[in-house]
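Subject: Handing over a structure

Hi,

I am passing a structure on to you, and my notes follow below it. Please have a look whenever you have a moment.

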Amino acid sequence: MTDRLGELSAAGVAIWLDDLSRTRLSSGGLDQLRREKHLVGVTSNPTIFAKALSDADEYNWQLKDLAIRGVDVEESVRMLTTYDVRWACDVMRPAYDASAGVDGRVSIEVDPRLAHETEKTVAEAGALWWLIDRPNLFIKIPATEAGLPAITATLAEGISVNVTLIFGLDRYSAVMEAFLAGLEQAKANGHDLSKIGSVASFFVSRVDSEVDKRLEKIGSDEAKALRGKAAVANARLAYERYGKVFSSDRWQALADAGAHPQRPLWASTSTKNPDYRDVIYVEELIAPGTVNTMPESVIHAYADHGETRGDTITGAYDEARKVFTDLESVGVDMSDVIATLEREGVEKFEASWLELLDGVRKSLTAAAKGTGAPNKAAKGSAQAAEQAGGNA
């Protein structure tokens with residue numbers, strides 16, 4: 001049988017899972033993906049955690065303990081989510097060791113309500129870093145204007161960062177600048193640059209969803225012919241910028257000091273439009289030094305029928321620029337598209353965080369009243385896994 005995911009990995013794409021739950025951890029499902037599907041990383045976000053906590057009873061024992069202790073809801077959320085991420089870091093540790101610290105990473109996001117507050121974002125990033133206490137952790141910081149100096153300050157402290165919610169090319173350039181400045185400060189602060197990792201999460205499918213909606217509204221044949229082209233073009237031009245930054249003399253000085261480049265990570269890669277190929281945002285974005293974080297359904301879809309055709313990015317820059325020119329000619333304002341997506345992205349994660357808080361609040365109340373029975377089997381399996389990998 002063709003190992004399609006193996007071919008994708010050999011083409012330079014790191015395969016990450018865009019999901020995390022305690023059920024996935026306790027069942028061994030995450031470790032199975034690592035062993036059998038070339039999985040080398042995991043991302044999480046408030047939406048993922050909200051779903052995980054609402055779907056499983058494996059959190060009951062921990063909720064009961066938190067309720068007995070009278071821990072407030074926000075701290076309880078941190079205890080629940082950091083427990084899962086710490087466990088996932090231990091599961092992914094072999095991939096971290098095998099790649100000399102490049103892969104095997106697991107991401108957790110700062111409270112999205114802090115997206116426009118620099119100092120609080122930096123403080124929470126530091127708190128999550130020491131609370132989880134694993135070298136293969138990534139702290140996710142959104143690429144808002146307030147997030148940019150937070151990215152630099154966090155990296156300067158030797159903390160690895162996954163920059164999230166990047167939609168536009170100019171903001172991506174600013175993210176790379178924040179990364180370089182952070183590593184330069186980290187070097188000045190005496191940190192080992194080889195231990196600091198970073199990715200820049202460039203969102204893909206949401207771009208097509210927003211642009212396609214505008215093209216449908218315009219309604220001309222020329223406009224409709226451009227549906228499904230904006231997201232891939234946008235990401236390809238981002239990779240072009242990545243290539244220029246990480247071939248510069250400024251970067252070479254950091255590389256000589258042991259630094260790893262900040263890889264572009266393709267996020268939001270599930271196809272939202274059923275008319276599009278279900279693995280389009282994988283097949284069309286293959287290039288060395290990239291990460292593609294996928295829902296499990298997309299991983300299995302690629303394993304079944306994905307086509308690895310070599311580098312599908314670097315030879316397509318002119319084609320991508322033409323897509324942008326054509327979009328402008330039919331009346332699509334890409335700057336407004338990007339601004340809309342960033343605003344909505346923060347708002348969606350804030351809403352998911354509030355949903356998560358509300359769900360934990362209700363669960364704590366139920367546990368305090370004795371109506372939520374602890375899941376002793378889950379507690380035992382989780383503790384066993386933690387003990388097995390906790391000192392790795």
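The axes of helix H4 (residues 46-55) and helix H18 (residues 334-368) come within 8 Å of each other and cross at roughly 25°. Axes here are lines fitted to C-alpha atoms, for helices over the stretch in contact, and angles run from 0 to 180 degrees between N-to-C directions. H4 and H18 are therefore roughly parallel (angles under 35 degrees count as roughly parallel, over 145 as roughly antiparallel, 65 to 115 as roughly perpendicular and the rest as oblique). Their crossing is left-handed, meaning that the near helix is turned anticlockwise from the far one by less than a right angle. In H4, Pro46, Thr47, Phe49, Ala50 and Leu53 meet Phe349, Ser352, Trp353, Glu355, Leu356 and Val360 of H18, with contact meaning heavy atoms within 4.5 Å. These residues divide into 8 nonpolar, 2 polar and 1 charged (Ala, Val, Leu, Ile, Met, Phe, Trp, Tyr, Cys and Pro count as nonpolar, Asp, Glu, Lys and Arg as charged, and the others, Gly among them, as polar).

Before you read on: this is a predicted model, in which local features need pLDDT of at least 70 and side-chain atom pairs count only at pLDDT 80 or more, while totals for chains, interfaces and linings use all residues. Residues are numbered from 1 along each chain as its sequence is written, and side-chain values use heavy atoms, with hydrogens and water left out.

Now to the sheet. In the order S1-S2-S3-S4-S5-S6-S7-S8, 8 strands close into a barrel with parallel pairing; two strands pair if DSSP finds at least two bridges between them. Helices (H or I, at least four residues) and strands (E, at least two) are DSSP runs, numbered from the N terminus. Strand S1 (residues 13-18) is joined to strand S2 (residues 39-43) by 4 bridges, and leucine 17 has valine 42 in S2 as its bridge partner. Helix H13 (residues 230-245) packs on the sheet, where it touches strands S6 (198-203), S7 (263-267) and S8 (290-294).

H13 has a helix partner too: its axis and that of helix H17 (residues 317-330) come within 9 Å and cross at roughly 130°, so the two are oblique to each other.

Lastly, the structure holds 11 aromatic pairs (rings of Phe, Tyr and Trp, its six-membered ring, with centres within 6.5 Å; planes under 30 degrees apart count as stacked, over 60 as edge-to-face and the rest as tilted). One of them, tryptophan 16 with phenylalanine 138, is tilted, at 6.1 Å centre to centre and 35° between the planes.

Best wishes
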